[in-house]
Amino acid sequence: MQVVSIITPLFNTSKYLEETYKSVINQTFIDFEWIIIDDKSFDDSYLLANKLAQQDPRIKVLQVNENGGTAKARNFGLKHATGRYITFLDADDLLDPNYLEEQVKFIEKNGPIISSGYRRMAEHTTTDFFVPEVVDYKTILKGNPLSCLTTMYDRQVIGDRFFPENMEKVEDYVFWLDILKKGFVAKGNPKVLATYRISQGSKSHNKFKLIKYQYYVYHKTQGINWLKSWLYVIRWAFYGLKKYKNVR
């Protein structure tokens with residue numbers, strides 16, 4: 001049993017996978033497992049992942065029976081994870097060499113859920129994002145500062161949690177909302193410890209296309225009345241514009 005489980009959904013991202021692989025195996029903290037879940041890629045991602053896994057026994061490559069999306073792939077990985085601390089990594093993102101070391105130190109002092117800063121690498125800019133010192137349920141309703149890339153939680157305290165599989169987008173937002181709604185509070189690690197690639201077509205970049213999904217999150221998954229849900233959607237939109245205003 002490892003201390004940390006890193007969970008990576010994989011779908012047609014072979015061109016980035018080797019760089020992501022290097023960022024994982026070069027961690028200064030070595031007591032981890034890296035679970036890669038292939039979501040029935042139709043490029044050579046699955047073959048490459050298996051090739052890389054042969055070079056390090058800490059890497060486990062799994063494949064779902066049929067393509068089901070990011071949430072289903074992450075849940076599949078969660079069901080196979082053995083680590084106490086859970087963190088996520090998309091197949092095109094990068095961890096700094098000291099990511100795990102710094103995050104484990106921070107969660108041992110500030111747990112059970114933490115999130116660090118990260119740099120956003122877009123087409124024309126690279127900018128840093130810093131998580132607030134404290135994120136509670138009321139805070140996250142106004143906008144989500146918790147990324148899957150740099151958020152880590154203690155499964156012994158939080159328990160087994162899973163992403164909603166019936167949502168096309170913002171399933172990660174619901175995942176964090178449901179955890180914080182239980183009364184847990186996320187603490188922000190001020191250090192920048194990872195790199196998040198932003199493409200023009202990414203789900204998080206196209207904020208205005210997510211409005212209907214955000215309303216669904218507030219009204220349906222969180223049980224907030226329709227008027228207050230729309231007020232939260234407006235707050236979320238302004239938060240998103242501020243968060244990404246320098247990202248080009």
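Biologist: Over the face of which ring does Arg-74 lie?

Modeller: First, a caveat: this is a predicted model. The distance from Arg-74 to the ring centre is 5.3 Å. A charge counts as sitting over a ring when it is within 6 Å of the centre and within 35 degrees of the ring normal. The ring under Arg-74 is that of Phe-163.

Biologist: How far is the charged end of Lys-79 from the centre of the ring it sits over?

Modeller: The ring belongs to Phe-162. The cut-off for the distance is 6 Å. The charged end of Lys-79 is from that centre by 5.8 Å.

Biologist: Is helix H7 largely enclosed or open, and how many of its residues are buried?

Modeller: Buried means under 20% relative accessible area. H7 is largely enclosed by the rest of the structure, because the buried count out of its 10 residues is eight.

Biologist: At what angle do the axes of H7 and H8 cross?

Modeller: H7 covers residues 171-180 and H8 covers residues 211-221. Their axes come within 10 Å. The crossing is right-handed. Its angle is roughly 35 degrees.

Biologist: Which residues of H8 does H7 meet, and how many residues in the contact are charged?

Modeller: From H7 come Tyr-173, Val-174 and Leu-177. They meet Gln-214, Val-217, Tyr-218 and Thr-221 in H8. By class, the contact has five nonpolar and two polar residues. The number of charged residues is none.

Biologist: How many aromatic pairs are there, and why is the pair of Phe-11 and Phe-42 edge-to-face?

Modeller: The whole structure holds 13 aromatic pairs. In the pair of Phe-11 and Phe-42, the ring centres are 5.7 Å apart. Planes over 60 degrees apart count as edge-to-face. This pair qualifies because its planes stand at 90 degrees.

Biologist: How many residues apart are Phe-11 and Phe-42?

Modeller: Phe-11 is in the loop between E1 and H1, and Phe-42 is in the loop between E2 and H2. Phe-11 is partly exposed at 36%, while Phe-42 is exposed at 70%. The pair links distant parts of the chain, and the separation in residues is 31.

Biologist: What is the angle between the ring planes of Tyr-215 and Trp-230?

Modeller: Tyr-215 is in H8 and Trp-230 is in H9. Trp-230 is partly exposed, at 38% relative accessibility. The pair is stacked, with 4.5 Å centre to centre. The angle between the planes is 20 degrees.

Biologist: Is Thr-13 buried or exposed, and which residues does it contact beyond four places in sequence?

Modeller: Thr-13 is in the loop between E1 and H1. Its relative accessibility is 16%, so Thr-13 counts as buried. Leaving aside neighbours within four places, the contacts of Thr-13 are Asp-43, Ser-45 and Ala-91.

Biologist: Which residues does Lys-72 touch, not counting those up to four places away?

Modeller: Lys-72 is in helix H3. Lys-72 counts as partly exposed, at 30% relative accessibility. Its C-alpha atom is separated from that of Ile-37 by 9.6 Å. The residues Lys-72 touches are Glu-66 and Glu-165.

Terms used:
Residues are numbered from 1 along each chain as its sequence is written. This is a predicted model: local features need pLDDT of at least 70, side-chain atom pairs count only at pLDDT 80 or more; totals for chains, interfaces and linings use all residues. Side-chain values use heavy atoms; hydrogens and water are left out. Axes are lines fitted to C-alpha atoms, for helices over the stretch in contact, and angles run from 0 to 180 degrees between N-to-C directions. Helices (H or I, at least four residues) and strands (E, at least two) are DSSP runs, numbered from the N terminus. A crossing is left-handed if the near helix is turned anticlockwise from the far one by less than a right angle, and right-handed if clockwise. Contact means heavy atoms within 4.5 Å. Ala, Val, Leu, Ile, Met, Phe, Trp, Tyr, Cys and Pro count as nonpolar, Asp, Glu, Lys and Arg as charged, and the others, Gly among them, as polar. Buried means under 20% relative accessible area, exposed over 50%, partly exposed in between (1.4 Å probe, protein chains only). Rings of Phe, Tyr and Trp (its six-membered ring) pair if their centres lie within 6.5 Å; planes under 30 degrees apart count as stacked, over 60 as edge-to-face and the rest as tilted.
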